[in-house]
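Keep the structure open as you read.

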Amino acid sequence: MKVPQTPLVFGPVYKDYIWGGARIPAAYGRIGAPPICAESWEISAHPDGESVVAAGPFARSKLSELTARFGAALIGTRATDPHRFPLLFKLIDARDRLSVQVHPNNANAGLTRGEPKTEMWFVLDRAPGASLYAGLADGVTRDTLRAALASGTAESQLVRLAVEPGQALFIPGGLVHAIGAGCLIYEVQQNSNTTYRLFDWNRSGADGKPRALHIEESFKSIDWSLRPPAMKTPSPSASEDRNAWFDVVSCDYFALRKLSLKETLTQSMDGTSFHALFVEQGRLSVAAGGETVALNAGASCLIPAAAPHYSLIPDAEVSVLVTTL
């Protein structure tokens with residue numbers, strides 16, 4: 001089969017965790033989403049939630065199958081493993097607080113046989129007073145954290161950050177963190193589903209029993225050298241006519257930029273990375289490889305690395321989040 005160069009649109013994979021809300025289907029017109037829609041995995045090759053192409057010549061193909069078949073032509077020459085899709089893209093709706101948790105990083109994942117996971121959050125919306133938790137407070141040690149966990153007062157050990165829509169937060173593997181109630185988040189992360197639950201706010205799960213904690217795995221995964229991060233407000237990097245790019249987050253695993261789009265833009269590709277698009281606001285058409293797809297707010301698509309270029313045609317002013325390796 002010919003190497004894909006057209007926009008790939010996938011069916012979402014929904015997760016109905018107990019802390020989830022209903023904003024994802026309400027805000028983005030999702031039909032068939034569960035009543036509690038905690039997460040929507042938008043682009044994923046992870047076996048815990050695999051994306052399947054929704055339409056076009058590759059319809060019904062799994063992303064992992066396409067990656068195994070086309071390798072760097074799909075994901076780009078920057079990928080460490082050309083036959084494993086390296087990232088995972090999610091929407092997260094936190095009606096209630098998520099657990100306080102930590103993910104392994106590349107250096108310590110072997111201690112627990114987990115998958116390393118560095119991620120970033122882009123705040124799409126938030127309830128008044130909503131916050132995020134990221135990092136340990138000054139003076140916190142292994143002993144003080146263990147004591148707070150035992151007494152159910154772990155919140156005192158955390159750094160709490162006020163949030164506004166349009167801000168972002170970088171969460172490297174090894175950083176203790178939690179999403180607060182009322183946040184609607186777009187998440188970009190390494191292709192991993194390893195989460196160690198450190199504290200769950202003394203609540204019960206759906207069965208009325210406390211959810212399992214992973215204290216020892218968490219302590220092996222915490223990078224005690226990490227300082228609490230600050231919220232980032234995207235800064236302008238370049239403009240083309242009436243369109244403007246904003247730098248959001250860049251790390252060893254991915255780079256995310258925001259595009260404020262007022263007129264048609266043709267973006268060149270150089271084969272080093274796919275481009276993953278998420279429409280934050282507005283509506284646009286995406287043309288590549290002789291095919292065009294229409295995307296509403298809340299929709300995602302993947303431009304294969306082999307595409308020489310793609311065009312974004314806005315209906316009006318549009319905001320797009322663009323992620324590359």
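Start at Glu280, which, leaving aside neighbours within four places in sequence, is in contact (heavy atoms within 4.5 Å) with Phe122, Leu124, Lys258, Ala297, Ser319, Val320 and Leu321. This is a predicted model, where local features need pLDDT of at least 70 and side-chain atom pairs count only at pLDDT 80 or more, while totals for chains, interfaces and linings use all residues. Residues are numbered from 1 along each chain as its sequence is written, and side-chain values use heavy atoms, with hydrogens and water left out.

Glu280 sits in strand β20; strands here are DSSP runs (E, at least two residues), numbered from the N terminus. With a relative accessible area of 9%, Glu280 is buried, meaning under 20% (1.4 Å probe, protein chains only).

Now for the nonpolar cores: sets of buried Ala, Val, Leu, Ile, Met, Phe, Trp, Tyr and Cys residues joined through side-chain atoms within 4.5 Å. In the largest, of 36 residues, Phe85, Phe89, Met120, Tyr186, Phe274 and Leu302 touch the most other members. Elements giving two or more residues to this core include β7 (87-94), β9 (119-126) and β20 (275-281). Another core, of 21 residues, lies apart from it, with Leu277, Cys301, Val320 and Val322 among its members.

Terms used:
Buried means under 20% relative accessible area, exposed over 50%, partly exposed in between (1.4 Å probe, protein chains only). Helices (H or I, at least four residues) and strands (E, at least two) are DSSP runs, numbered from the N terminus.
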